[in-house]
Amino acid sequence: MHLDMTLVLFLSFIAITLGITAWASKRSGSSASFFAANRQITAWQNGVAVAGDYMSAASFLGIAGLIAFFGYDGFLYSVGWLVAYLTVLLIVAEPLRNAGKYTMADVLAYRMNPRPVRAMASISTLTVSTFYMIAQMIGAGALVALLLKGSHISFTVAVTGVGILMIVYVVFGGMLATTWVQIIKAVLLIAGTILLSILVLAHFHFSLPEFFQAISQVTYHADGKVVVKDFMTPGLRFKLPYGPLELISLGMALIFGTAGLPHILVRFYTVPDAKTARYSVVWAMVIIGSFYIMTTFLGFGAATIVGRDYITKNGGTNMSAPLLAKFIAGDVFFAFISAIAFATILAVVAGLTISASTSFAHDFWTNVIHSGVERKPGEERMVARIAAFVVGAVAIAIAIVLGPTANVAFLVALAFAVAASANLPVIVFSIYWKRFNTAGAVCGLLFGLVASIVLILIGPSVMGIDPASVVGAARHPIQAAPIFPLENPGILSIPIGFAGALLGTFFGAKDPNAVQRFEELEVRANTGLGSEKATAH
Amino acid sequence: MANLQTKNGDTGLEKTKWDRVQEMDEFRLLILAKKEFVVPATVFFVVYYFALPVLVGYAPDFMSQKVLGPVNLAYLFALSQFFVAWGIAWAYVSAARRFDKFGAHILETLKREGYDEKQDGKRGL
């Protein structure tokens, strides 16, 4: 019964979003409209869209699952996702909006010799976006396989479907369609979360003391024995010696990485001015913060009402939130929550696709290969559409080859590590440090990128010794003890990124132009003088 | 000054609009006011945020103290992060109203001196 219901709900979401794409396609006739929705998105719309772009299935299903299984440590994990937006608000959003046009690289290359800086920034953007996308798509496929167990929708069909949809949104509807897909998804996600939270509270007779009392005595089985644990106690997941360091390292990747995620940054080009960008971050913070506070009810609710034992037998941690819905409100609500999980993935992958393809077209094709001039009008848009198609097809293919059990958590860690270690140091120095130059920007991007990749390759996500019972893609790719002890390399790779930017600046070639152009960038970033204006349809 | 609207590059000998803004007192004040807010606010939220994993990771017993019925210090501190983040965002928005006034004033001064936004040359990016 719930299978049909889930399908009906999901198909209605697809129908609505395709309708929006058709509407948006009539308004995507210029570059400013295709890449930046004519810069006419309002503050609340963009704030909701940022939230929709950001809150991935990892947040919705993953964190609820972590709390359901590890209590407080899971909740601890969710705090950084909101605090990270202070970096976006205070340091990056407004100068970026004022100084750039379509991509993150616009700001990085502003004062510098554009070719090397744009080429590096584009490589970094494509790395972050495509790897993150592959992780999301494998997650989507695995999720569909679980949620629709017993239906004829397989992993391959699910991945292909998600991939085709995201290509259609981006190729035909551009940034405008992507924005509205993200807005609808965020509204659905918040509605579902509020409903679930109320139902959890209702289960405890709307008494917070009763709810927290239940959390302090969670019962489950481990190794055949009954265990009663206080789920408010820290340390159930992040244990010494490396647990706290892992947490700090993850926190650094979030706090410094969110403001360097290309698919989040491009959202600020869709609003008319820096002031609107500022208010849109505040809107996003209200939504994202409320969501993560409510993970208390989702996660602890699943721990107390459903229980670890049942969740383990019925799909594992990621199924905690959907199973909670089923337990407290039956199949229809389970179908509703499952459909929201699909919508969540679709909106995030669409955002990643447009940021990757915009960077390829605008940074690499137009500015690196063709010296900043479109050879004929509309070429940049055409290239972006082709790039979206290629990126999408490649992501589908890789996801299918790796399969549903692939160990892909490291791809998400990689995306945040690269954003924090390669992108953020260079963004901050470009905007705020007069002496910063081309060599510094290239070295910062390169050091941060290489350090992130290498530390993840020699860390416990990729290296590890599995028992013989673990097979195929679920096995660690390198069967040996990890050399670097942490899954999140931020604690080391972020300082390396900053060091690269400093070393390049001090030891690289002199760049008087970069110093001179700083005055121009400073005025533009702080006053909005000369910034890109909103355009009519 | 008559050339303000046509010069926007970085190579000419004539004074550009960027140079003109750079020498305005209001612009220096704007940069200073932003620095005075953003630097301490950033230091504060970074310290406050990282205090959470450090305390929870290295002083778990201290953080496990029950302070409100079954609710412990660790949970309350984590919850407080959300409200502190919102508080800083609210404080920034209030402070930024003042920055916007500086910005508007700078633009007005430029316009009085003959700068025309609509005719401003588009920079190729």
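## Overview of chain B

Buried residues (those with 20 or more other C-beta atoms, placed from the backbone, within 10 Å of their own) make up 23% of the 125 residues in chain B. The model is predicted, so local features need pLDDT of at least 70 and side-chain atom pairs count only at pLDDT 80 or more, while totals for chains, interfaces and linings use all residues. Residues are numbered from 1 along each chain as its sequence is written, and chains are lettered from A and ligands numbered from 1 in the order in which they are written.

Chain B contains four helices and two strands; these are DSSP runs numbered from the N terminus, with helices (H or I) of at least four residues and strands (E) of at least two. Along the sequence their pattern is α-α-α-β-β-α. Two residues are in contact if their C-beta atoms, placed from the backbone, lie within 7 Å. Among contacts in chain B between residues at least 6 apart in sequence, 67% join residues at least 24 apart.

## Helix H2 of chain B

Helix H2 of chain B covers residues 25-58, and its end C-alpha atoms lie 49 Å apart, which agrees with the 50 Å that its 34 residues should span at 1.5 Å a residue. The expected span is 1.5 Å times one less than the number of residues.

The buried residues of H2(B) include Phe27(B), Leu30(B), Phe45(B) and Tyr49(B). Their cover includes H5, H10 and H19 of chain A, together with H1, H3 and H4 of chain B.

## The contact between the chains

The contact draws 45 residues from chain A and 49 residues from chain B. On the side of chain A that touches chain B, H5, H9, H10, H12 and H19 each supply at least two residues. H5(A) gives the largest share, 10 residues. That side of chain A divides into 25 nonpolar, 13 polar and seven charged residues. Here Ala, Val, Leu, Ile, Met, Phe, Trp, Tyr, Cys and Pro count as nonpolar, Asp, Glu, Lys and Arg as charged, and the others, Gly among them, as polar.

## A hairpin in chain A

Strands S1 (residues 218-222) and S2 of chain A pair in the antiparallel sense over five bridges; pairing requires that DSSP find at least two bridges. Val218(A) stands opposite Lys229(A) in S2(A). The hairpin has two residues between the strands, and Asp223(A) takes a positive phi near 50°. Of the five residues of S2(A) (225-229), the number buried is zero, so this strand lies largely in the open.

Terms used: A residue is buried if 20 or more other C-beta atoms lie within 10 Å of its own, exposed if 12 or fewer, and partly exposed in between; C-beta atoms are placed from the backbone.
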